[in-house]
Amino acid sequence: MRNEKVIAMSMVTSCPNCHTTFRIRHEELQASRGRVRCGHCSEIFNAFDSLATLDEPSVVAAPAPPAPIESGETGTVPNLQTKVSSKSAKSAKPLSFTDKAAEKAARRHRHTWAWFAAVLLMLALLAAQAAYYFRAQIAAYFPDLKPHLQRYCELLQCTVGLPQFAELLSIEASDLQADANRLSLIVLIATLRNRAPFAQAYPLLELTFTDTQDQLVARRVFTATQYLASNVDPNLGMQANSEFTTKLFIDSGDLKPAGYRLLLFYP
């Protein structure tokens with residue numbers, strides 16, 4: 001029989017029948033799945049139930065060879081012989097064991113929830129960004145959400161303006177005429193229509209003069225305050241399913257345009 005020097009923490013277990021404390025090795029626990037025989041009273045018990053550790057390194061005797069268990073039991077159970085003093089036993093710290101499969105499943109479960117939380121956070125951030133950039137459009141199509149968007153904008157110091165769907169606007173008619181009294185004065189008359197089922201912001205108007213070869217001669221962009229009548233509030237926007245006619249007086253100077261193009265757009 002040889003002695004084995006234990007440098008790491010020693011594992012100990014206690015017999016539930018006689019309360020004797022024994023040192024035990026990890027190999028013994030694995031071989032018998034925790035079932036051992038008390039070397040003092042021969043009680044067979046599960047070592048995991050009272051497994052603990054001792055912080056002190058010591059020299060212990062190798063355990064006796066496994067003894068056959070009593071009639072009615074199956075397999076081989078280690079016979080514990082190396083006792084631990086009651087003083088050392090009091091310093092033992094209990095160990096907690098977790099089934100490896102259950103531990104892996106728990107880790108996977110935690111990782112799944114972590115990924116799920118991260119995805120939810122990303123979706124929430126995307127929704128917040130979308131609500132910011134498309135707040136006017138959302139308010140137009142979903143009027144019930146406008147108060148919530150306005151409160152949201154109070155936090156971000158923004159405003160919920162009128163929507164800007166250029167594809168729902170059209171120039172129904174336009175005409176460019178020379179003023180009979182002043183040769184350099186040109187009068188532009190244009191009718192714009194809002195086909196959207198909601199009010200929209202007034203667009204910008206781009207007027208381009210061309211020559212006989214349809215080449216650019218001059219270009220100018222007009223804002224709503226420039227082409228609307230003085231009694232019209234541009235902040236109210238173009239009403240749903242409505243149209244209006246504007247008249248612009250333009251001093252062309254020495255230009256003698258042969259044609260023109262009129263476009264509407266949003267910045």
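Begin by selecting Phe165, which is buried at a relative accessible area of 14% (buried means under 20%, exposed over 50% and partly exposed in between, with a 1.4 Å probe and protein chains only). The model is predicted, so local features need pLDDT of at least 70 and side-chain atom pairs count only at pLDDT 80 or more, while totals for chains, interfaces and linings use all residues. Residues are numbered from 1 along each chain as its sequence is written, and side-chain values use heavy atoms, without hydrogens and water.

Next, display the aromatic rings. The structure holds six aromatic pairs; rings of Phe, Tyr and Trp (its six-membered ring) pair if their centres lie within 6.5 Å, and planes under 30 degrees apart count as stacked, over 60 as edge-to-face and the rest as tilted. Select Trp113 and Phe116, an edge-to-face pair at 5.6 Å centre to centre with 90 degrees between the planes. These two residues are three apart in helix H3 (residues 100-133), and so about one helical turn separates them. Helices (H or I, at least four residues) and strands (E, at least two) are DSSP runs, numbered from the N terminus.

Tyr141 lies in helix H4 (residues 135-141) and Phe165 in the loop between helix H5 (146-156) and strand S11 (169-178), so the pair ties together parts 24 residues apart in sequence. Tyr141 is partly exposed, at 47% relative accessibility.

Now select Gln200, in the loop between strand S12 (185-194) and S13. Gln200 is buried, at 0% relative accessibility. A polar atom of the Gln200 side chain lies 2.5 Å from the backbone nitrogen of Phe165. The Gln200 side chain also makes a polar contact with the side chain of Asn194 (3.0 Å); such a contact is a pair of N or O atoms within 3.5 Å, where within protein one must be able to donate a hydrogen and the other to accept it, and residues adjacent in sequence count only if both atoms are side-chain atoms.

Finally, show the open sheet of three strands, ordered S14-S13-S16 with antiparallel pairing (two strands pair if DSSP finds at least two bridges between them). Its edge strands are S14 (216-222) and S16 (259-265), each pairing on one side only. Seven bridges join strand S13 (residues 204-210) to S16. Select Glu206 to find Leu263 of S16 opposite.
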